[in-house]
Amino acid sequence: MPSSPRPGPSVVTARLREALEAADCRLLADILHPNVHWNPPEGGETGCHARSHLLSRCSRLYALGLRARAEETFTYPAAVVLGLRIRGTVPPADPESVGYHVFDVTGGLITRITGYADRAQALEAAFTGATTGYTMARGPIPGHRTRASG
């Protein structure tokens, strides 16, 4: 039986929005790479370095009452950008501001999530692939672009 192709970025965008609306990060499990990395905006708190770690942190934040709503969504061939308004009584909740997250997508899986406080920086990173180049112990994920050194 042939395997079904992995979803493209537009399917990933829809799944992200669905998970946010339902406040259920378990809906993301099948589109997160096992070694997904999440980097918070401006190097804030420690990020996550595996699907299980990310899902566990997300579940804890939801249990504490933190909620995110997508204010803006941008879908690129290899990335999705969400402008998120965070609400709740625990940090990083700030209903007055919108934070941007770039979700790098390779082979239908989110491989890296990078947070930005600035919309223009997030869009530039998604457009140029500046956040891509995710590597695992065995090397880069096939098809991933990397930013040239310089």
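Predicted model: local features only at pLDDT ≥ 70, side-chain atom pairs only at ≥ 80, totals over all residues.
Helix α2 spans residues 51–63 and contains 13 residues. From first C-alpha to last, α2 reaches 18 Å. That is close to the 18 Å expected at 1.5 Å a residue. Five names make up its buried set: Leu54, Leu55, Arg57, Cys58 and Tyr62. These residues cover an arc of only 160° around the axis, which puts them on the same side of α2. An α-helix has 3.6 residues a turn, so residues three or four places apart point the same way.

The buried residues of α2 are covered by elements that include helix α1 (9–22). Strands β1 (32–39), β2 (67–76) and β5 (109–116) also contribute to this cover. The face of α2 turned away from the buried side carries Ser52 and Ala63, which are exposed. Gly65 follows the helix. The phi of Gly65 is positive, near 95°.

A search of the whole structure returns 1 aromatic pair. Its members are Tyr76 and Phe127, in an edge-to-face arrangement. The ring centres lie 6.2 Å apart, with 65° between the planes. Phe127 counts as exposed because its relative accessibility is 58%, and the exposed class begins over 50%.

Key
Residues numbered from 1 in each chain as written. Heavy atoms only, no water. Helix = DSSP H or I, 4+ residues; strand = E, 2+ residues; numbered from the N terminus. Expected span 1.5 Å × (residues − 1). Buried < 20%, exposed > 50% of the residue type's maximum accessible area, 1.4 Å probe, protein only. Arc of directions from axis to C-beta. Contact = heavy atoms within 4.5 Å. Phe/Tyr/Trp six-rings, centres within 6.5 Å; stacked < 30°, edge-to-face > 60°.
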